[in-house]
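Q: Please take one part of this model and look at it closely, giving the cut-offs behind each term. Then connect that part to the rest of the chain.

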Amino acid sequence: MTLLIEQTITFVKQTLKDAEAGHDWFHVARVWKNAQHILKTEKADTLVVELAALLHDIADSKFHNGDEEIGPTLADQFLHSLAVPEHVVIHVVAIIRNMSYKASLGTVNFSSKEMEIVQDADRLDAMGAIGIARAFHYGGFKNRPLYDPQIRPNPNQDKATYKNSTSPTINHFYEKLLLLKDKMNTDTGRKMAINRHEFMEQFLANFFAEWEGEQ
Ligand code: ADP
Ligand code: NI
C-alpha cells in the first residue's frame, strides 16, 4: 500500500471516529474493497478511484444540516495538504461532489469511468446482507417501524419526501434498494449486484411469510 493511501486511511478513520454504523469507517472500507474488486476488470485510474472511495463519505450532508459542500471541501483541503497531483485532486473532489444527495437529484452533471466505479461500489454496500443490516440500522436510528401493512411501499415516491417521512424500513427496499441492480454503471458492478439482489428478494419473501406466521 502506498504512503498516500495509508495517510488517507488514517485521516478518514479519524474523521469518522464518531460516525453512526451505516456510514462509519467500515462502510468506507467495504466500498474501497468493492472498488478494488471492480478495478480488476474495469479500466480506470486506480489512484482516483481509491482516493474517491476512501473520501466519499467524510461528511454526509444528512448529518451536517444539509450542507453539501463540507465533504468536497474537506477532501480538497486534505488532498492539497499532501503531494497529490492537481488533476487527481480535481477529479476526486468532482466525484465526491457528484455522489452527494443533491447530485443524485440531478443538479450536478459530472461523469467519468472512475466516478461510475465508486458509485457502483457504494451502491453495492446498500444491497445484500450488508444492505439489509444498514437499512434496519438506519430505520432504528430514525425510530421507524420495521413494516406496517397499512403503509404500502411506493416506488414512485419522491426520494426527498420519503427521506423525511416515517416510512417503514421494509418500504425502503421497494423505493430504493431493489432498484439498485438496474442502476449499476459497470459490467462488473452489475454482475456483483446479482447475488446481493437475489438475497434481498429471498429475505423479503421470508419476512412476509414469517409476518403471517407461515414459517
Ligand atoms: P450512501 O451515503 O452510502 O450512499 P445513503 O446515505 O443514502 O447511502 O444511505 C445510507 C444507508 O442507509 C444505506 O444502506 C441506505 O439503504 C440506508 N437508508 C437510507 N435511507 C433509508 C431509509 N429511508 N430507510 C432505511 N434505510 C435507509
Ligand atoms: Ni457511502
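This is a predicted model: local features need pLDDT of at least 70, side-chain atom pairs count only at pLDDT 80 or more; totals for chains, interfaces and linings use all residues.

A: Residues are numbered from 1 along each chain as written, chains are lettered from A and ligands numbered from 1 in the order of writing, and side-chain values use heavy atoms, without hydrogens and water.

His56 and Asp57 are both buried (under 20% relative accessible area; exposed is over 50% and partly exposed lies in between, with a 1.4 Å probe and protein chains only).

Around the site, the protein is built from 11 helices and zero strands (DSSP runs numbered from the N terminus: H or I of at least four residues for helices, E of at least two for strands). Of its 215 residues, 47% are buried.

One helix packing concerns α2 (residues 25-39) and α7 (residues 113-124), whose axes are 8 Å apart at an angle of about 125° (lines fitted to C-alpha atoms over the stretch in contact, with angles from 0 to 180 degrees between N-to-C directions). That angle makes α2 oblique to α7 (under 35 degrees is roughly parallel, over 145 roughly antiparallel, 65 to 115 roughly perpendicular, and the rest oblique). Helix α5 (residues 86-98) has 13 residues and should span 18 Å at 1.5 Å a residue, which agrees with the 18 Å between its end C-alpha atoms (the expected span is 1.5 Å times one less than the number of residues). Buried residues in α5 include Val88, His91, Val92, Ile95 and Asn98.

Further along, the aromatic pairs come to a count of 11 (rings of Phe, Tyr and the six-membered ring of Trp with centres within 6.5 Å; planes under 30 degrees apart are stacked, over 60 edge-to-face, the rest tilted). Phe136 and Phe173 form a tilted pair, because their ring centres are 6.0 Å apart and their planes stand at 40°. This pair joins distant parts of the chain, with Phe136 in α8 and Phe173 in α10 (residues 169-175), 37 residues apart. Phe136 is partly exposed at 22% relative accessibility, and Phe173 is buried at 0%.

Phe203 and Phe207 are another tilted pair, with 5.9 Å between centres and 50° between planes. They are four residues apart in helix α11 (residues 187-211), so about one helical turn separates them. Phe203 is partly exposed at 24%, whereas Phe207 is buried at 14%. Ring pairs gather Phe136, Tyr147, Phe173, Phe203, Phe207, Phe208 and Trp211 into a cluster.

Asn143 is exposed, with a relative accessible area of 72%.
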